[in-house]
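Below is a short report on one protein model.

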Amino acid sequence: MLKKRDVHDSHELYDLITHPDVFPFVRQKAASYEEFLFMTKQTIEAEERGEIISRTILDEWGSPIGTISLFDVEGNAGFLGTWLGKPYHGKGYNSLAKDAFFQELFYELGIETVFMRIRKVNIRSIKAAEKLPYVMKANESRKALYEQLNANGDIFDLYEIPKDLYTLNLLRNGSNSGESQRLEA
């Protein structure tokens, strides 16, 4: 379902990221394949430095269909960024990818909090986030961070996924992906 980023997936991912229903909502925008390849290399290097955690999302056949990343990693927290190619929207891949990624972040890599900043115009992502039982809207509870994100205008809603709430949900309902539950923490 997930694998570490690899430059060999760049062609397939670039073709998917350029779709007009996807491109406006991705954090790392590339105007050309060469720029996307360069950004992928930068992402791999940033992960080696501990600044980002990024994975390629795969379909059932091992083909790249999107990416999921934790940006701005600092103090056991970071910002989630996920995108899927248009042909894979609405097929359950987002939920499966998030579950696998959160398991790795929280129980293998020591992350305690995942934040999501979602553009208020991105209704699809807001609805997806608000469906998750372990997500809290944090515009009020993290007011300083919310105001920092919106310093240039009222653009983003802020959501928070704390490890303890994710773990509680996992214990109550089991893993969405059906994979073994790794609850060492």
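## Burial and overall fold

Of the 185 residues in the protein, 47% are buried, where buried means under 20% relative accessible area, exposed over 50% and partly exposed in between, with a 1.4 Å probe and protein chains only. This is a predicted model: local features need pLDDT of at least 70, side-chain atom pairs count only at pLDDT 80 or more, and totals for chains, interfaces and linings use all residues. Residues are numbered from 1 along each chain as its sequence is written, and side-chain values use heavy atoms, with hydrogens and water left out.

The protein has 6 helices and 7 strands. These are DSSP runs numbered from the N terminus: helices are H or I with at least four residues, strands are E with at least two. Their order along the sequence is β-α-α-β-β-β-α-β-α-β-α-β-α.

The radius of gyration is 16 Å, which agrees with the value near 16 Å for a compact globule of 185 residues. It is taken over C-alpha atoms, and the globule rule is 2.2 Å times the number of residues to the power 0.38. The C-alpha trace spans about 40 × 40 × 35 Å along its principal axes.

Contact means heavy atoms within 4.5 Å. Among contacts between residues at least 6 apart in sequence, 60% join residues at least 24 apart.

## Aromatic rings

Rings of Phe, Tyr and Trp (its six-membered ring) pair if their centres lie within 6.5 Å; planes under 30 degrees apart count as stacked, over 60 as edge-to-face and the rest as tilted. By this rule there are 11 aromatic pairs. Two of them are set out here.

| Pair | Geometry | Centre to centre | Angle between planes |
|---|---|---|---|
| Tyr14 and Tyr33 | edge-to-face | 6.1 Å | 75° |
| Tyr107 and Tyr166 | tilted | 6.3 Å | 40° |

Tyr14 lies in helix 1 (residues 10-17) and Tyr33 in helix 2 (residues 33-48), so their pair ties together parts that are 19 residues apart in sequence. Tyr14 has 15% relative accessibility and therefore counts as buried.

The pair of Tyr107 and Tyr166 links distant parts of the chain. Tyr107 sits in helix 3 (residues 93-107) and Tyr166 in helix 6 (residues 163-173), 59 residues apart. Both Tyr107 and Tyr166 are buried. They also belong to one aromatic cluster, together with Phe102, Phe106 and Tyr134.
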